[in-house]
2 protein chains.
Amino acid sequence: MVKRILRIDMTNLKAEFEDLPEEYNTLGGRGLTSTIVAKEVPPTCNPLGIHNKLVFAPGIVTGTTAPTSGRISVGGKSPLTGGIKEANAGTNFAQRLARMRIAAIIVEGKVQGNDYYLVKITNDNVEFIKTDIWVGKGLYNTYKELFKEFGDKKISICGVGIAAELRGAMAGVSFNDPEGLPSRYAGRGGLGAVMASKGLKFIVIDETGAPGVEIADQEVFEAGITKVRDALLAHDVTKKGGALNLYGTSVLVNIINEAQGLPQNNFSSGQDKRAEKISGEAKAEAIKKNGGVRPHFCSPGCIIQCSEVWTKPGGKDPVGVLEYESVWALGANCGIYDLNIIAELNRACNDLGLDTIETGDTIAVAMEGGVIKFGDGKGALGLIEEIRKKTPLGRILANGTQFTGKAFGVTRIPVVKGQGLPAYDPRAIKGIGVTFATTPMGADHTAGYAIAPEIMGVGGKVDPRDPKKAEISRNLQLATAALDATGYCLFIAFAILDIPEGLQGVVESLNGVLGTSLTVDDVPLIGKQIIDIEREFNKAAGFTSAHDRLPEFFKDEQLPPSNEVFNVSDDELDSVF
Amino acid sequence: MVKRILRIDMTNLKAEFEDLPEEYNTLGGRGLTSTIVAKEVPPTCNPLGIHNKLVFAPGIVTGTTAPTSGRISVGGKSPLTGGIKEANAGTNFAQRLARMRIAAIIVEGKVQGNDYYLVKITNDNVEFIKTDIWVGKGLYNTYKELFKEFGDKKISICGVGIAAELRGAMAGVSFNDPEGLPSRYAGRGGLGAVMASKGLKFIVIDETGAPGVEIADQEVFEAGITKVRDALLAHDVTKKGGALNLYGTSVLVNIINEAQGLPQNNFSSGQDKRAEKISGEAKAEAIKKNGGVRPHFCSPGCIIQCSEVWTKPGGKDPVGVLEYESVWALGANCGIYDLNIIAELNRACNDLGLDTIETGDTIAVAMEGGVIKFGDGKGALGLIEEIRKKTPLGRILANGTQFTGKAFGVTRIPVVKGQGLPAYDPRAIKGIGVTFATTPMGADHTAGYAIAPEIMGVGGKVDPRDPKKAEISRNLQLATAALDATGYCLFIAFAILDIPEGLQGVVESLNGVLGTSLTVDDVPLIGKQIIDIEREFNKAAGFTSAHDRLPEFFKDEQLPPSNEVFNVSDDELDSVF
């Protein structure tokens, strides 16, 4: 049985399995979503209209025994940026889909009328089930009930929440974590709103009878994944007992704060002593005390295990992971330095189907606009609850940072291409700013993680204050695009950037699955193909170099305490691609 | 005394008169505002940030005895479209400014803190007066009080209202009419928000001691304006007792409804029998009955006199003019067919400083989003009042059609470059659709009024349903840009398109003022220079041909009763420029 595309037509409530076209044979993840979106979606279409499509694709090695590879890419035209978008998440949903040999799900059309549907996918059948009963409900309880209803052994769930019902441009696409919590997000760019716009609220997949991923050359594959595993187990960042394993992604709080690049109060300062209270170290301790789980994997087969389950004392009200990005966005960036409050905010985001980064940026901008005060945790929670209540204020917030900034007359709006900036101030750490400005995705740290060489000394060591960063950002963007196609988690990059055998192993594992004979030198080429496709789409959608820029306040305003400005020239930015 | 530029620095509350640079000597109106904006404003700047500027410029013959020439252009980078913007109005403010030999006012910088200022300009002095007392107040009463305070003989007022205080992207710049009502608007594109963002709330000009417009060759000038006057008095559309004079711009209601191109209920149909109730004919009768004024000039020296003063019975609560665009936007497009309600809505718009076209489009989209029902006049008034109360809902609405559509999950959003469409459905009347799509201004009927040849048989006669309209739109856009520089009202075009001597007279009057030797053949070249500058600005701001498009629903959805779609090809659109 060859790999398949599952095409779901929401207009007619019909679904069809198609053989994967030969030209897509070696594509996966972001490579496949971006290729399909570019081929099938008119670049100038309304992202929430009938011509947009939503594409799901597991990575090339996803569903195999390759370590740390349970990633799924979600693609479409973004209602937040107006450009092409790939957001990805680690979840067993990805692995099951891959084992069912579904290389991609393409959701197209839109339901006539206002009904929402749950689409249940088994190995050889697709069922459309009206699901209006769950409209307006939080995802934590909904997922629990859906797992009960559909059996919890072999199923995974993908869904959108109330934010998406509002067509909010910061609505993410949620996937279950191993506990069944709605905490794994393809969060960025509002793809949740695209899913809801089609009348699709949940996808439940049941892999019973799935044939598993076909592996062209088992020997090559095994040799490859052994090298990947060895590299992950050897590198300080990724090994058991390493930084990510012990403290999760929040290990970065102290590090980036130390580097004077942890944005506080809507990017008004790069450092605050109180950040320690919300550090990875502090969090790990609290989880231990409260009876949560740490470390923990987001999907089976992960070696790094950076994830966790945050709970209230006694293991109550599990949230799932509190990522660095979420802790920063809902914490320091809002002047909030209390993990309990941050966890509550994060839980509300997961419950409503919100991207935590965009939510934190949005709340901070609302604070700057005078809606509530910086540091007001209760107020922040109240703002998120406005979305649940679908009030006008909630509708403003659900549309993200730029929208909220405009609504409240704020001019310091930290976005690129309409997407809110992640947890690094580009004035203090300029390479990541180059990535924010130039990636086709809008401000996205995962698109070319210059923090690795600039702060962590991984893959080389460069001065974060040096404004010549086009080459570093470009190389990382190409490598990342390739990695996003493989299904491996981006975090294996820490190991394979420093350990050549690890990278070799990645390539061998791809060759093992695909029967190809790629070399390490092909990796940036694969990345370039993907980014070329994405940039071409964006160009046709109306993007120019004028959009590859940071907001003017990063150039005009010095960032305390370093007093740096974003002094990367436009020419340097334009030389990235 | 040569002509001057008055540069107002709101950051330092300083003002300076500068001699008009020689290269600006023959420019006026839109020609001058667009040239200055392109030269001094960085195209990628935040429209509400410190780098944007607001420019006021009377036309070349404004302030002279040339008939129907009391126009002022207001320019800047638009917070609604993100591109360059020129909006213009007919008002004695323009004439006084010209007679003070102020070719342009350039407002730059922004007040530190939250205070608002009134800037009082006399012939040789500028005064900054704190005006926080008028924040949050309606403009009708405010203008009345300001006229009292500053003396009403030789002064004119320009101001922004509550919508601009919110930085709403549909906030217009208001000017007084001859009665002192705040009813003359440079409405489009949110330039009111730009003015407010600088901390500037009012400009009061007092022309006492003004030297008057310098005329280089009085004889040539007089000969020219005589020809213009003769043409205006001869043409059916512009003469005394002609269509505009008798019924105002609303004479178009029945005509466009007949042509099946009068959009109803957010562009869902092109015709409705009830439109007759809000026609120019019905309105003229009501004004007569109620004791209003009709006909009436918006600024002294107008021959056409299309304006009026609508009042409640007994001449109470004067509104000012009810333009065709306003009657359509707040009426038919919202399913409202009652002139009394429409007048109340229009009064609320004037009072809050709102562009009536954008307001009507916004309310209609809110209706489509289920906020209130189509036809609910009381509800519509309630929505506008939300802006006065500065509620979250009011903040949504104040940001215009596209913003409101996004907030309420609407996909049928009638905008181009973010600006709401005027009163012509481009499916039934395609040439005006070409102008909407391609003008640098965003959807703007005044930028190239193809209705003239398509519907009125002025300047030729073409089939409105024929999709080959690039050439007509281009020619009209060039002629219009030139006309917008002269200071003559656009409505003289009806006469001079049909009467060659009229056009000759316009050119002679320019030569008379400027001492130039322009010919009729130079007119499109002048227009092209202006549009080239504007398009270059927009290109640098990030605009491409992808933005020269109508929303997809005009292509996807047939318009009853003609069942036409907008079938102008992208190639045809791209061939305009």
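## What counts as a pair

Two strands count as a pair here if DSSP finds at least two bridges between them. That idea is handy for reading the sheet below. Keep in mind, too, that this is a predicted model.

## The sheet in chain A

Chain A holds an open sheet of six strands, and their order is β8-β7-β12-β9-β10-β11. The pairing is mixed. In general, strands of a sheet pair through backbone hydrogen bonds, either parallel or antiparallel.

Which strands of chain A sit at the edges? They are β8 (125–130) and β11 (184–186), and each of these pairs on one side only. Going from one strand to the next, the twist averages 20°.

## A closer look at β9 and β12

In chain A, β9 (residues 155–159) and β12 (residues 200–206) run antiparallel, with five bridges joining them.

## Where chain B meets chain A

Now over to the other chain. Here, 26 residues of chain B are in contact with 27 residues of chain A. On chain B's side, α14 (392–398), α15 (400–407) and α21 (522–541) each supply at least two residues. Which of the elements gives the most to that side? It's α14(B), with four residues.

What kinds of residues make up the side of chain B that touches chain A? They divide into eleven nonpolar, ten polar and five charged.

Notes. Residues numbered from 1 in each chain as written. Chains lettered and ligands numbered in written order. Predicted model: local features only at pLDDT ≥ 70, side-chain atom pairs only at ≥ 80, totals over all residues. Axes fitted to C-alpha atoms, helices over the stretch in contact; angles between N-to-C directions. Contact = placed C-beta atoms within 7 Å. Nonpolar A, V, L, I, M, F, W, Y, C, P; charged D, E, K, R; others polar.
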